[in-house]
Amino acid sequence: MKTSWRSASLAASVVAVLTLATACGQESGTSGSSENVGATAPGSIAGVGAGSGVGAGVGAGVTESPGGSDAGGAGELAVSAATDLGKILTDGNGKTLYRFDSDTAEPPKSNCDGDCATAWPPVSADDVTAGDGIDKSLLGEVTRSDGTKQLTVAGWPAYYYAKDANAGDTTGQGVGNKWFALTPEGKKAKASGSDGDGGSEAGLPGLSVRNDPNLGKIVVDKNGMTVYRFLKDKAWPEPVSNCNGGCLDKWPAVAPVATDDTKGVQKKGLMNFTRSDGIKQMTVNCSPIYTFAGDKSPGDINGQGVGGQWYAVAPDGKLVGAPAQ
């Protein structure tokens, strides 16, 4: 009897250890499929965005509705060149359409729900038509978590910005360093120092290593911006971010990066996870990573040591210059 009890106890312990050992690195979530809608725009967006997510760089509580939805849908999409962003997509009422870095295009997947979808209302895929200068084969749809159909452009889910009050407004451009106006090709509207699709002119990988004269080897994102960790986060047994709401305005979460789109960064623990707000975030050695809104140019390290909680990340995921833990 004692032997049987000990065997059962040992088996339970092994299972528990294995569970912990595999928790970091697991990923869950479903991807929507995109279907070409050819000539089809959003009607009412009421009820879109059920959930509790908050988009990066977006404060909760934004309740304004874009004029496109109030006017009865996007109608015929158009190309506008009346901004300093180059050619961008608008709906039939001149409202700017945006894309979100935390989404994916292959396969199409929206990661903006709840409060995020209130601030960034999804563009419905109903009855959209392609106007002059728009390749209708790039228009598609993706099924959101609430079952509604959202317009996609080259696979990227399309949104309005609630704070764009008038036709031609582009106040959503660059918000949280994650939201950008859509070009007719589905790329990000060109911004200063950008190649128009969010990459740096140098063509850096999604994550790579830079040798900083003050900090040594540190991880940078695809734009050459310094990557940071937050001491209050957790990596074990699974990643947990404790930077939410207004914190994300200052410290945007780094969007998922493919493992083969990295250079010099430790592969072990290189993964993405779904945050409590529904947004997917990248990790290095299982620790959530961020950029800093106070860093304006590649090479800036203004976030280093902020509040005694934020530090640059070494290629192995360790904190750079942090006090001993």
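Colleague: Why does Trp310 count as buried?

Modeller: Buried means under 20% relative accessible area, with exposed over 50% and partly exposed in between, for a 1.4 Å probe and protein chains only; Trp310 has 5% relative accessibility, so Trp310 counts as buried. This is a predicted model, in which local features need pLDDT of at least 70 and side-chain atom pairs count only at pLDDT 80 or more, while totals for chains, interfaces and linings use all residues. Residues are numbered from 1 along each chain as its sequence is written, and side-chain values use heavy atoms, with hydrogens and water left out.

Colleague: What makes Phe230 and Trp310 a stacked aromatic pair?

Modeller: Rings of Phe, Tyr and Trp (its six-membered ring) pair if their centres lie within 6.5 Å, and planes under 30 degrees apart count as stacked, over 60 as edge-to-face and the rest as tilted. Phe230 and Trp310 have 4.3 Å centre to centre and 5° between the planes, and form a stacked pair.

Colleague: Why is the pair of Tyr159 and Trp179 called edge-to-face?

Modeller: The planes of Tyr159 and Trp179 stand at 85°, with 5.1 Å centre to centre, and over 60 degrees counts as edge-to-face. Both Tyr159 and Trp179 are buried.

Colleague: How do you know that the charged end of Arg99 sits over the ring of Trp156?

Modeller: The rule asks for NZ of Lys or CZ of Arg within 6 Å of the ring centre and within 35 degrees of the ring normal; the charged end of Arg99 sits over the Trp156 ring, 3.8 Å from its centre.
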